[in-house]
Amino acid sequence: PGIVLVAINPYEQLPIYEQDVIYAYSGQNMGDMDPHIFAVAEEAYKQMARDEKNQSIIVSGESGAGKTVSAKYAMRFFATVGGSASETNIETKVLASNPIMEAIGNARTTRNDNSSRFGKYIQIGFDKRYHIIGANMRTYLLEKSRVVFQAEDERNYHIFYQLCASSSLPEFKDLGLSKWWHIPV
């Protein structure tokens with residue numbers, strides 16, 4: 001049992017995720033402020049510190065709902081309240097591999113041109129003073145069938161098309177990609 005927050009992706013940047021909003025939610029009790037991803041993150045952070053037990057935030061939703069962005073905001077909150085934002089910029093470091101992950105695990109669907117077809121598990125490590133000391137991101141594919149079949153108006157994983165489009169580059173010569181049929185992008 002836990003807190004449930006329903007968020008809607010506005011598909012545009014809003015000023016409700018700025019640094020001053022993080023500070024407004026930091027140290028507050030759940031329910032004292034408006035529902036927000038920062039309120040959920042603050043509650044998890046406080047319970048971790050108070051109970052000295054691991055906490056989880058599950059971000060779930062349909063394609064295009066803003067799950068990855070919500071996870072980024074939670075990480076930014078932890079980095080800021082954990083005193084790590086300026087020191088290590090943990091959010092940037094954790095998500096530095098995101099373009100590679102997206103190429104391998106994202107595809108065009110009928111609802112979203114860049115839909116994540118895999119799950120992410122992000123584990124953030126804290127020291128005894130509750131400062132972030134590191135993070136680990138694991139991924140797992142959810143849609144193996146996409147490799148061999150795509151519905152009409154959908155595509156395979158982006159990496160397939162990127163490799164085919166790069167087949168004439170010298171560094172890809174040994175991969176034998178030039179023997180593939182022309183694939184429309």
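Predicted model: local features only at pLDDT ≥ 70, side-chain atom pairs only at ≥ 80, totals over all residues.
Let me begin with the charged side chains, where the count comes to 6 salt bridges, a salt bridge being a side-chain nitrogen of Lys or Arg within 4 Å of a carboxyl oxygen of Asp or Glu. Residues are numbered from 1 along each chain as its sequence is written, and side-chain values use heavy atoms, with hydrogens and water left out.

As for the fold, the protein has 7 helices and 4 strands, taken as DSSP runs numbered from the N terminus, with helices being H or I of at least four residues and strands E of at least two. Along the sequence the pattern reads α-α-α-α-α-α-β-β-β-β-α. Of the 185 residues, 29% are buried, where buried means under 20% relative accessible area, exposed over 50%, and partly exposed in between, using a 1.4 Å probe and protein chains only. With contact meaning heavy atoms within 4.5 Å, 48% of the contacts between residues at least 6 apart in sequence join residues at least 24 apart.

Returning to the salt bridges, Glu-143 and Arg-146 meet with an N to O distance of 2.6 Å; Arg-146 is buried at 4% relative accessible area, whereas Glu-143, at 21%, counts as partly exposed. Through shared partners, salt bridges join Arg-117, Glu-143, Arg-146 and Glu-154 into one network. Asp-113 pairs with Arg-108 at 3.7 Å, N to O, and here Asp-113 is exposed at 56% relative accessibility, while Arg-108 is partly exposed at 28%. In the bridge between Asp-127 and Arg-129, at 3.5 Å from N to O, Arg-129 is exposed at 60% and Asp-127 is partly exposed at 22%.

Now to the aromatic side chains, of which the structure holds 9 pairs; rings of Phe, Tyr and Trp (its six-membered ring) pair if their centres lie within 6.5 Å, and planes under 30 degrees apart count as stacked, over 60 as edge-to-face and the rest as tilted. Phe-38 and Phe-77 form a stacked pair, because their ring centres are 5.6 Å apart and their planes stand at 25°. Since Phe-38 lies in helix H2 and Phe-77 in helix H3, this pair ties together parts that are 39 residues apart in sequence. Phe-38 is buried at 0% relative accessibility, and Phe-77 is likewise buried at 0%. Ring pairs link Tyr-17, Tyr-25, Phe-38, Tyr-45, Tyr-73, Phe-77, Phe-78 and Phe-126 into a cluster.

Finally, the annotation. An unreviewed UniProt entry lists, under "binding site", Gly-61, Glu-62, Ser-63, Gly-64, Ala-65, Gly-66, Lys-67 and Thr-68; positions are given in the numbering used here, feature names are shortened, and annotations may be inferred rather than shown by experiment. Leaving aside residues up to four places away in sequence, Gly-64 touches Asn-9, Tyr-11 and Asn-112. Ala-65 has its place in the loop between H2 and H3, and is partly exposed, with a relative accessible area of 30%.
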